[in-house]
Amino acid sequence: MGKITLATIFLTIFFLSNLRAEDIAPKVEELLAEMTLEEKLGQITLHSAYGDITGPEAGGNVLEKIRTGRCGNILNATKVKNIRRLQQIAVEETRLGIPILFGYDVIHGYKTIFPIPLGMASSWDMKAIENSAKIAATEAAVSGINWTYAPMVDIARDPRWGRIAESGGEDTYLGCEIAKANVRGFQGNNLTNSLTIAGCVKHFAAYGAAQAGRDYHTVDMSERMLREVYLPPFKAAIDAGVASLMTSFNELDGVPATGNSFLLKKILRDEWKFKGMVVTDYTSIKEMIKHGVVADLAGAAELALNAGVDMDMMSTAYIGHVKLLLKNNRVSENQVNNAVRNVLTMKFKLGLFDDPYRYCNDQKEKELIYTKEHLRGAYDMAAKSIVLLKNKNRLLPLPHGKRIAVIGPLANSKKDLLGSWHAQGGWDFIETVFKGIVRNNGKSLVKFAKGCEVNDNNKSGF
């Protein structure tokens, strides 16, 4: 039997009294008053464990970091058995037993994969988009995930920027509608529903306007352009109740977004009254050094915390430097406490203090992955996302009884059909484009030539 912790007592009180959202604040303050500085810094630190690594690794022994209170949040852990083990360490082997947030990039499906977001945007069908997010949330939730780094609402007008695939494209109105639909789909009406997960609108802000389409690059625009084109989808997501927000890698007017008080304080907190949690993108506190605005990681931590960033993803900036920054009066205890409040509040809203293992149901994981309903939803979304720009000489539909050549490295690939950011989607059972054409037209009439690899100068197969 696990030891009784302060958090265990809180979750019992929480359950018995059926706390409403407005009752969470006093409970957060009670817990905050019991925490040491090291425990607070652990709560505003996010590490990667198992699963995927999406940037420069800054990990180490995650189990030991959880056990010592130096890590209160995890990304990229997958499968109920793994997540339950990590949660058990946090809840039963630490002094306060504060549960962990488990985040993952659930961008266009978790196991059942939908078209890439740019493809779904082409449907202009908000009900179908909301349903795709709902299905993604269900499958992620029953797999142990309680927080997704989506929706990505960056307006993108330069096709050279690779992450345009993850966005809703260039139209601000459409971006706003998609943002709201995704928040509704991921979060539902009640975050304590164990089949919903917390959303995280990203990347704040103007990430899609990086010069020359170069990722992490500078952004230079008028405030009018920023407010009229690039900010409205974020406001739409916030108005829809999104639980958290992610900062972006780019700089805006010479100041990196992760340390930009104009964005994070003046607009987000003061004007929009956002009460949720702010997390960085992967190592984006550390990346501010390369932008040339700070000399070292301590300076980056100072800039981020002073700007209002609540959680450090993978830079180890807060856990490594805030203690000394406090000693030297470069940041304040109140700033640290505010960040911890926002993290703990989100954990309460998710019901993790009620039941830390609410997302760790092995039976639901078996029952609610790849259901017929989910696969039908993906098929429906795919059909609605198809855009035919030209049908010269009525080439389509492909005629029966005629010879067909299928050419190119993607024509007989299963995995590539999932698109980018395909989470835990499997591809063994997928029918390739080539195999589908063969099935409809007969093997004798269809020939396939790979030609070359996707990234290859070899022309021997031409």
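Which residues does phenylalanine 204 touch, not counting residues up to four places away in sequence? With contact meaning heavy atoms within 4.5 Å, phenylalanine 204 touches Leu231, Phe234, Leu245, Met246, Thr247, Ser248, Ala257, Leu263, Leu264, Ile267, Leu268 and Trp272.

## About the model

This is a predicted model, in which local features need pLDDT of at least 70 and side-chain atom pairs count only at pLDDT 80 or more, while totals for chains, interfaces and linings use all residues. Residues are numbered from 1 along each chain as its sequence is written, and side-chain values use heavy atoms, leaving out hydrogens and water.

## Overall fold

You will find 18 helices and 13 strands in the protein chain; these are DSSP runs numbered from the N terminus (helices: H or I, at least four residues; strands: E, at least two). The radius of gyration is 23 Å, close to the 23 Å from the globule rule for 462 residues, so the chain is as compact as a globular protein of that length. Here the radius is taken over C-alpha atoms, and the rule is 2.2 Å times the number of residues to the power 0.38.

Among contacts with a separation of 6 or more, 77% join residues 24 or more positions apart.

## Nonpolar cores

A nonpolar core is a set of buried Ala, Val, Leu, Ile, Met, Phe, Trp, Tyr and Cys residues joined through side-chain atoms within 4.5 Å, where buried means under 20% relative accessible area (1.4 Å probe, protein chains only). In the largest one, of 118 residues, Ile74, Trp147 and Phe204 touch the most other members. Helix H15 (residues 333–349) gives the most to this core, with 7 residues. Another core, of 12 residues, lies apart from it and includes Ala121, Met126, Leu174 and Ala181.

Methods
Buried means under 20% relative accessible area, exposed over 50%, partly exposed in between (1.4 Å probe, protein chains only).
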